[in-house]
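Let's take a walk through this model together.

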Amino acid sequence: MGALIPQGNGGIAVAEKARSKNVTVSKSAMREQDDGSVAVVGSVTEILISEIVANPEQPRVSFGHQELEELTQSIREHGILQPLAVSPKDGGGYEIIAGERRFRAAKMAGLAAVPVVVRKTGGEEKLVLALIENIQREDLNPIEEARAYGRLTSEFGLTQEEVAKKVGKARSTVANILRLLDLPEEIRRAVESGVVSAGSARALIGLADDDERMRLFRKLVAGRMTTREAEAGARNAAGKSRRDPSASAVEEDLRAKFGTKVSVTKKQGKGKIAMSFYSEEEYKGLVEKLLK
């Protein structure tokens, strides 16, 4: 492990090794740290924890206490086996791209420095890389994943097809996950906390009426209805609805375009279109798109 993850002045070691092999390391690829060592972009080195900050684009919001304690104990015994990915900040220091859970556990374990790979990234790439890492590790709950996809579409202007290609999933999968944002807040919280599965929640999406969704949801939570029964109930309720069928198609098109919850109410040529946002950034992104 010492050979794979340089200790102490790891950045200098990497730079000197590159020079000894006549490999050119550009000044833009090197960065002097507070302890005098040099971090080389794309190479494994060690950086003081005090120089690293969390990623504001991190799609994962919930970090389980027990799993964090287990990881902390593992790091105390074996160290960090997989380096964090970080990017340089304009004002100095580094920002996490991937590995925030390892970073938190390392701080809890009392480590002064952690192994990292330095990468130069922009806002979109930073979010995509953090999203991909969490998806590959299955660390995101369905609502966190849906919000991350929503940010890629609303803030960065990506289509669902482009999001699907970046994260290696089918467009239909991305579309179905995004539809979870259409559910009432109470149901979203239940999915986020694991009280209700994403499959059970998706059975409620076909209902246009939030009151009907909440009625079936409460039956699910109380154990008086299975997911299969909820799906059947949702189909029956949707079949009885007199809603303008074109409204559902418009909702889907607008949801794909703006990457957020869209509700269309239309009757006899009148109605309203309501769009939801879940952060100040999403609000600004929606306004910008609408004004264009």
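Start with the largest nonpolar core, which has 19 residues. A nonpolar core here is a set of buried Ala, Val, Leu, Ile, Met, Phe, Trp, Tyr and Cys residues joined through side-chain atoms within 4.5 Å, and buried means under 20% relative accessible area, with a 1.4 Å probe and protein chains only. Leu 180, Leu 183, Ile 187, Ala 201, Leu 204 and Phe 217 have the most contacts inside this core. At least two of its residues come from each of helix 8 (185–193), helix 9 (198–205) and helix 10 (210–221). Helix 9 gives the most, with five residues. Helices are DSSP runs (H or I, at least four residues), numbered from the N terminus.

A quick word on the source: this is a predicted model, where local features need pLDDT of at least 70, side-chain atom pairs count only at pLDDT 80 or more, and totals for chains, interfaces and linings use all residues. Residues are numbered from 1 along each chain as its sequence is written, and side-chain values use heavy atoms, with hydrogens and water left out.

Now zoom in on Phe 217. Leaving aside residues up to four places away in sequence, Phe 217 touches Glu 186, Ile 187, Ala 190, Val 196 and Leu 204, where contact means heavy atoms within 4.5 Å.

Just after helix 10, Gly 223 takes a positive phi of about 80 degrees.

Next, find helix 7 (residues 171–178) and helix 6 (residues 160–167), whose axes come within 8 Å and cross at roughly 110 degrees. Axes are lines fitted to C-alpha atoms over the stretch in contact, and angles run from 0 to 180 degrees between N-to-C directions. The two helices are therefore roughly perpendicular, a label for angles of 65 to 115 degrees. Gln 160, Glu 161, Val 163 and Ala 164 of helix 6 meet Arg 171, Val 174, Ala 175 and Leu 178 of helix 7.

Helix 5 (residues 142–154) also crosses helix 7 at roughly 110 degrees, with axes within 8 Å. Here Pro 142, Glu 145, Ala 146, Tyr 149 and Gly 150 of helix 5 touch Val 174, Ile 177 and Leu 178 of helix 7.

How values were computed: Angles under 35 degrees count as roughly parallel, over 145 as roughly antiparallel, 65 to 115 as roughly perpendicular and the rest as oblique. Buried means under 20% relative accessible area, exposed over 50%, partly exposed in between (1.4 Å probe, protein chains only).
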